[in-house]
Amino acid sequence: ATPPEAVTDVRAQVLGTVGFVGAATGLVYLCFNEAFAQHLTGKILGMSQAEVEMSGTEVVNDAIGEVTNMAVGGFKNALCDLGHPCKLTLPTIVRGQNVSVAAIKSASRYLFYFNCDSNRLVVDIQLKQE
């Protein structure tokens, strides 16, 4: 199991992150392995695996950034509905191997694991409320 201090994986990873600021502040990371990020990109854009690979990492980054933005947008709307108005930052994509996400000091941290076919999506939510 992954320790609560960090999300790590030795395979190539793509992490999408969007922050939110206001009455609630924090970050949400969506962590994909490279193969899953490419597969998801193909599904979203109606492209074959070969087309995704030929298009390069920028297309995958854009797709994962948009998925992250939509997911965190839904989370932000729920926070606003609960009386914690906040705004989103722009999505950021990080790529690497054995990537580790550190916890924000004094934030509550929630890790969620989802399985899609044989792929795992890790969602790391770090939240500070005023």
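Let's start at Glu-130. This residue is exposed, at 79% relative accessibility. On the cut-offs: exposed is over 50% relative accessible area, buried is under 20%, and partly exposed is in between, with a 1.4 Å probe and protein chains only.

A word on the source. This is a predicted model, where local features need pLDDT of at least 70, side-chain atom pairs count only at pLDDT 80 or more, and totals for chains, interfaces and linings use all residues. Residues are numbered from 1 along each chain as its sequence is written, and side-chain values use heavy atoms, with hydrogens and water left out.

Back to Glu-130. It sits in the segment after strand E6 (119-129). Helices (H or I, at least four residues) and strands (E, at least two) are DSSP runs, numbered from the N terminus. What does Glu-130 touch, not counting residues up to four places away in sequence? Gly-22, Ala-23 and Thr-25. Contact here means heavy atoms within 4.5 Å. Leu-27 is 103 residues away from Glu-130 along the chain, and their C-alpha atoms are 15 Å apart.

Now the inside. A nonpolar core is a set of buried Ala, Val, Leu, Ile, Met, Phe, Trp, Tyr and Cys residues, joined through side-chain atoms within 4.5 Å. The largest one has 20 residues. Phe-20, Val-28, Leu-30 and Phe-32 touch the most other members. At least two residues each come from strand E1 (12-22), strand E2 (24-33), helix H1 (34-45), helix H3 (57-81) and E6. H3 gives the largest share, five residues. There is also a second, separate core of six residues, including Tyr-29, Cys-31, Val-99 and Val-122.

Take Val-28. Leaving aside neighbours within four places in sequence, its contacts include Phe-20, Val-72, Phe-75 and Ile-125.

Cys-80 is in no disulfide, and its nearest cysteine sulfur, on Cys-86, is 4.4 Å away. Cys-80 is partly exposed, at 28%. Cys-86 is buried, at 8%.

Last, backbone. Most residues other than glycine have a negative phi. Asn-98 has a positive one, near 55°. Ser-106 is positive too, near 65°. Asn-98 lies in the loop between strand E4 (92-97) and strand E5 (108-116). Ser-106 is in the loop between E4 and E5, and is exposed at 64%.

Key. Disulfide = S-S within 2.5 Å.
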